[in-house]
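Biologist: Please show me how to read a two-chain model. I would like the general idea each time, then the case at hand.

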Amino acid sequence: MDRRFVYLDYNATTPLHPEVKAEMIADLELYANASSMHEAGRRARARIEKARSSVARLIGAPDPACVYFTSGGSESNNTVFGTMYDLGRRGRVDEAKSHAGRRQKIITTAIEHPCVLNAARRLADEGFPVVFLGVDAQGRVDFAELERELDPERSRGGPALLVSVMAANNEIGTLEDIPAIARLAKAAGAFVHTDATQAAGKIPIDVESWGVDYLTLSCHKIYGPKGIGALYVRKTAPIEPLIRGGHQEKGVRAGTYNNLGIYGFGKAAELALAELPSYASRVAALRERLRAGIVERIPSVHVNGHPTKVLPNTLNVSFPGAEGEAILLSLDLEGIEVSTGSACASGSLEPSHVLMATGVGPELAHGSIRFSLGRDTTEADIDYVLERLPPIIARLRRMSTVPASLSATT
Amino acid sequence: MSDAFEWLYSDVVKEHFTNPKNVFDPDEKFEADAEGIVGNIKCGDQMMFLLKIENETIKDVRWKTYGCASAIASTSMLSEVIKGLSLREAYGIKPADIARRLGGLPENKIHCSVLGDKALRAAIDSWLEKQGRKGEFKGEDAVVVCTCLNITDKDIEEAVKSGARTWEQLQEATKIGTVCGGCKGRAEELLHEFAHIYGD
Ligand SMILES: Cc1ncc(COP(=O)(O)O)c(C=O)c1O
Ligand code: FES
């Protein structure tokens, strides 16, 4: 096949949906401050509320007032952990009567995005008991460990204040059983947060049946603009501002409204919900075509993550004997854009914390490639990858000191 | 289209990455007089050097690596540079010389490029040892600090001379302590000693 440009890094970020783009271009002229009382301000405000409703619908939230706009996933996650800091530190339990006494224990997982990991580590630095739950070989949270950590009789740190588990992992695509996790956490009196940044637009989300108190969204992963996101906060859950200032977002998030970003988010959320069924089945078929093709054409590969409980667009594969950054850059020269869990690509000495948590070992972690497909991916794109990838792996393996025949095979 | 955007690395790196020189071919009969292997897959890279030696001179060379683009390119360049050099000259080549010839490497990739010259030196050391001349080029008093990567106190001294002041910087420069980590205590002592000697 002729050289082509194949973007397979949709979990990193997505291009604008053409309809989002068209709407945002039309909205570029709307400059009014949505907090102003005059007509233009009220008009801007109405559009923001429309967007809020669209975002609420995407996650099954009956009341749009539970949706707060933020600058993205990182800010939403930090807002939750900041709130826990305030609650745990000052023992402020007014909004949370059930949390009598001073709960401080935070339970999260070893495979969260760095913004959660680092927010949790900061609480640990402040003296909070923080637990990073392990996962099994497919990346699923260890329920026995969760139950033990929720039980003050069987673990340290007292009763839990928060359980935070991502809905879908960005690197390996594994889905966590959020409803079951939330049930256990609520039974133990803890608040429940899920980072649904990667789940949104790829699997159905329903804050009601999931039973979560907080849910994080980021717009740039669902074909909307960057720098805008949201935090869902259940009415009964406390929330403290990370950014203090004006009265925007009921004082929870100060700063003049990012009208354009919010309008784009609203449109992107509306489209993500409408297109979800067709997107999921189409992308899952392409993922399977890629998976089967790789397994068939390349010996000794290891598919990471869960075989079925996985995002429809995410395929993470390790190629023992070939190093990830070398694979990534070789693919890049062919016009194929992916990401890797190799340490060399991050400039650190540590490979992907997610793959290491699944226990695949450094060999497989350093040689891992994440293909994340999207709404623009075609069969021809996949076939092009299946044509260009095998010789790259063969070449790197041929010059490698490490055998391709590591015990791991599919 | 790739011309329109700068690649991550220089054109020279790209050329050596896509067409590396002197890579060991499993089907070729290369009878080596010396072999050196350093690094560990745990840290994400490993390097092997094979040398043909005649009259204290490097006649030919082959190498293999499990490593990233920087490691592949710098070792390819190194393998070209050392052909025809005396063992002593080859032993003295510094990663910085190779990085310069490659048109520079990004700051955080320097440590990926030091493995080639470590493997080369390990190969030469093993050859010297076989000749009953163990440690001849290390200098009389050089002591191996990091046994996993064959890094001596002299290497630490060199790194400090070229600006390393923290453990992280020392690791960037030498890759010391990235395998078993057992050498960290002694290496940090030396780091502080040399930092004291060379200022700051
Ligand atoms: C799981 C997850 N959480 C959070 C984030 C951060 O989102 P943002 O880039 O909007 O801050 C990302 C994106 O990289 C992500 O994949
Ligand atoms: S002695 Fe093992 S890493 Fe240095």
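Predicted model: local features only at pLDDT ≥ 70, side-chain atom pairs only at ≥ 80, totals over all residues.

Biologist: How many residues does the contact take from chain B and from chain A?

Modeller: Contact means heavy atoms within 4.5 Å. Chain B gives 36 residues and chain A gives 25 residues.

Biologist: What area is buried between chain B and chain A?

Modeller: The size of an interface is often given as the accessible area lost when the parts come together. Buried area is what two parts lose in accessible area (1.4 Å probe) on being put together, summed over both. Here it is about 2400 Å², and carbon and sulfur atoms give 63% of that.

Biologist: How many salt bridges are found across the interface of chain B and chain A?

Modeller: A salt bridge is a side-chain nitrogen of Lys or Arg within 4 Å of a carboxyl oxygen of Asp or Glu. The rule finds two across this interface. One pairs A:Arg398 with B:Asp27, at 3.2 Å from N to O.

Biologist: Which elements give two or more residues to the side of chain B that touches chain A?

Modeller: Helices (H or I, at least four residues) and strands (E, at least two) are DSSP runs, numbered from the N terminus. The elements are α1 (11-18), β2 (45-54), β3 (57-66), α2 (69-82) and α5 (110-130) of chain B. The largest share, four residues, comes from β3(B).

Biologist: Which residues touch the most other members in the largest nonpolar core?

Modeller: A nonpolar core is a set of buried Ala, Val, Leu, Ile, Met, Phe, Trp, Tyr and Cys residues joined through side-chain atoms within 4.5 Å. Buried means under 20% relative accessible area, exposed over 50%, and partly exposed in between (1.4 Å probe, protein chains only). The largest core has 91 residues, and those touching the most other members include A:Phe319, A:Leu389, B:Phe49 and B:Leu51. Helix α5(B) gives this core its largest share, nine residues. Apart from it lies another core of 66 residues, with A:Ala44 and A:Leu215 among them.

Biologist: What does B:Leu51 contact, leaving aside neighbours within four places in sequence?

Modeller: Its contacts include B:Phe30, B:Ile58, B:Ile82 and B:Leu120.

Biologist: Is A:Ser352 buried or exposed?

Modeller: A:Ser352 counts as buried because its relative accessible area is 7%. This residue sits in the loop between α10 (343-346) and α11 (353-357) of chain A.

Biologist: Which side chain does A:Ser352 join in a polar contact?

Modeller: A polar contact is a pair of N or O atoms within 3.5 Å; within protein, one must be able to donate a hydrogen and the other to accept it, and residues adjacent in sequence count only if both atoms are side-chain atoms. The partner is A:Glu171, at 2.5 Å. A polar atom of the A:Ser352 side chain also lies 3.1 Å from the backbone nitrogen of A:Val354.

Biologist: Where is B:Pro106 found?

Modeller: B:Pro106 is in the loop between α4 (95-101) and α5 of chain B. Its relative accessibility is 26%, so B:Pro106 counts as partly exposed. Beyond four places in sequence, B:Pro106 is in contact with B:Leu8 and B:Tyr9.

Terms used: Residues numbered from 1 in each chain as written. Chains lettered and ligands numbered in written order. Heavy atoms only, no water.
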